[in-house]
Amino acid sequence: MRYLPFFIILVFLGCNPIPKKDKHPDVPQLIELLKDESKFRKVTDMTGLSSLVFFNDDRILLKPNNSNSPVKIIDVNKNIVFEKIYDWEQPFYIDKQGNLYLNGKKFFYPDYKKQENFKTVVITDSLRRKSEELRELNDSLQMKVLNRYELEMLQPYGLKPCPYTIVNTERCDVFKVINQTLVVRQTDLFKSELDIPKTEIPKFDDDVLIGWRNGKLPSPDYLAYYELKKQRFKCDDMIMPKILTLKDKPYLFASGLGLYQILF
């Protein structure tokens with residue numbers, strides 16, 4: 001029975017589970033190719049970062065992966081436009097205009113020097129605090145008071161209580177500005193409305209299974225083969241490099257590697 005999960009994986013793969021050799025050993029790995037400064041200029045790697053957010057100009061927000069590091073906004077020439085430590089227990093929101101909402105303030109695009117206090121309501125936090133206030137009541141009465149409180153709290157924002165369910169919770173998620181208030185009803189406290197279009201890089205050959213990663217369940221390790229402007233390279237299929245345009249110039253982006261200007 002202990003081998004059952006392994007065989008299930010093989011059935012889903014629907015292909016030969018035996019690893020093969022690299023089909024193009026002479027093609028460089030992407031991680032090595034990026035070191036060639038004649039072909040790529042590094043804007044930022046992903047050291048200490050969880051994600052990048054691309055604005056509608058040449059701005060890039062660098063979101064840290066720990067609460068001790070500041071969030072930064074830089075331009076493609078690495079000049080720092082904005083830098084601030086933020087409270088990870090409060091919502092962090094970027095609207096379609098590039099304004100930032102964090103630490104209970106709104107920072108205005110484009111230079112973020114203008115700021116103002118901004119009301120923020122996190123529905124789950126408000127309900128939890130109210131529940132703590134009612135802990136001396138019996139369960140039935142506590143639920144009745146809590147339900148009435150939730151109705152009254154949501155009414156100014158045109159919202160209704162969300163059914164208690166573990167499926168289709170996305171229809172209950174809210175993270176937007178309503179009546180000059182940032183209203184959040186979801187677990188993740190970060191959201192960006194900005195999403196610069198990215199283009200897939202074409203492949204010149206099919207992916208090849210080169211091995212298996214160890215873990216609770218073995219997972220396949222594929223090598224993917226790409227071609228960009230006649231420059232071929234290969235990388236793990238999970239890296240999924242893409243192309244985007246900032247200030248009319250092409251850049252290569254991969255979530256695990258960072259952002260690089262394409263020079264060729």
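Trainee: Which exposed residues sit on the face of H4 turned away from its buried side?
Mentor: Buried means under 20% relative accessible area, exposed over 50%, and partly exposed in between (1.4 Å probe, protein chains only). Helices (H or I, at least four residues) and strands (E, at least two) are DSSP runs, numbered from the N terminus. In H4, the face turned away from the buried side carries the exposed residues Ser140 and Lys144. This is a predicted model: local features need pLDDT of at least 70, side-chain atom pairs count only at pLDDT 80 or more, and totals for chains, interfaces and linings use all residues. Residues are numbered from 1 along each chain as its sequence is written, and side-chain values use heavy atoms, with hydrogens and water left out.

Trainee: Which residues of H4 are buried?
Mentor: Gln142, Val145, Leu146, Glu150, Met153 and Leu154.

Trainee: What do the buried residues of H4 pack against?
Mentor: Contact means heavy atoms within 4.5 Å. The buried residues of H4 pack against helix H3 (123-133) and strand S12 (181-185).

Trainee: Which strands form the open sheet, and in what order?
Mentor: Strands of a sheet pair through backbone hydrogen bonds, either parallel or antiparallel. Two strands count as paired if DSSP finds at least two bridges between them. Here 5 strands form an open, antiparallel sheet in the order S1-S20-S19-S18-S14. Its edge strands are S1 (40-44) and S14, each pairing on one side only.

Trainee: How many bridges does S20 form with S19?
Mentor: S19 (249-254) and S20 (258-262) are antiparallel over 4 bridges, in a hairpin with 3 residues between the strands. Leu259 of S20 is the bridge partner of Phe253, and Gln261 stands opposite Tyr251. S1 and S20 also pair in the antiparallel sense over 4 bridges, with Gln261 as the partner of Arg41.

Trainee: Which residues of S20 are buried on each side?
Mentor: Gly258, Tyr260 and Ile262 are buried on one side, Leu259 and Gln261 on the other.

Trainee: Which residues touch the most other members of the largest nonpolar core?
Mentor: In soluble globular proteins, nonpolar side chains tend to be buried together. A nonpolar core is a set of buried Ala, Val, Leu, Ile, Met, Phe, Trp, Tyr and Cys residues joined through side-chain atoms within 4.5 Å. Of the 16 residues in the largest one, Leu30, Leu34, Phe40, Ile201, Leu228, Phe233 and Leu252 touch the most other members. S16 (219-228) gives the most to this core, with 3 residues. Leaving aside neighbours within four places in sequence, Phe40 contacts residues including Leu33, Leu34, Leu252 and Tyr260.

Trainee: Which cysteines does the disulfide join?
Mentor: A disulfide is a pair of cysteine sulfur atoms within 2.5 Å. By this rule there is 1 disulfide, joining Cys162 to Cys172 with S to S at 1.9 Å. Both cysteines lie in the loop between H4 (139-154) and S11 (174-178), 10 residues apart. The torsion about the S-S bond is about 80°, so the disulfide is right-handed. Cys172 counts as buried because its relative accessibility is 7%.
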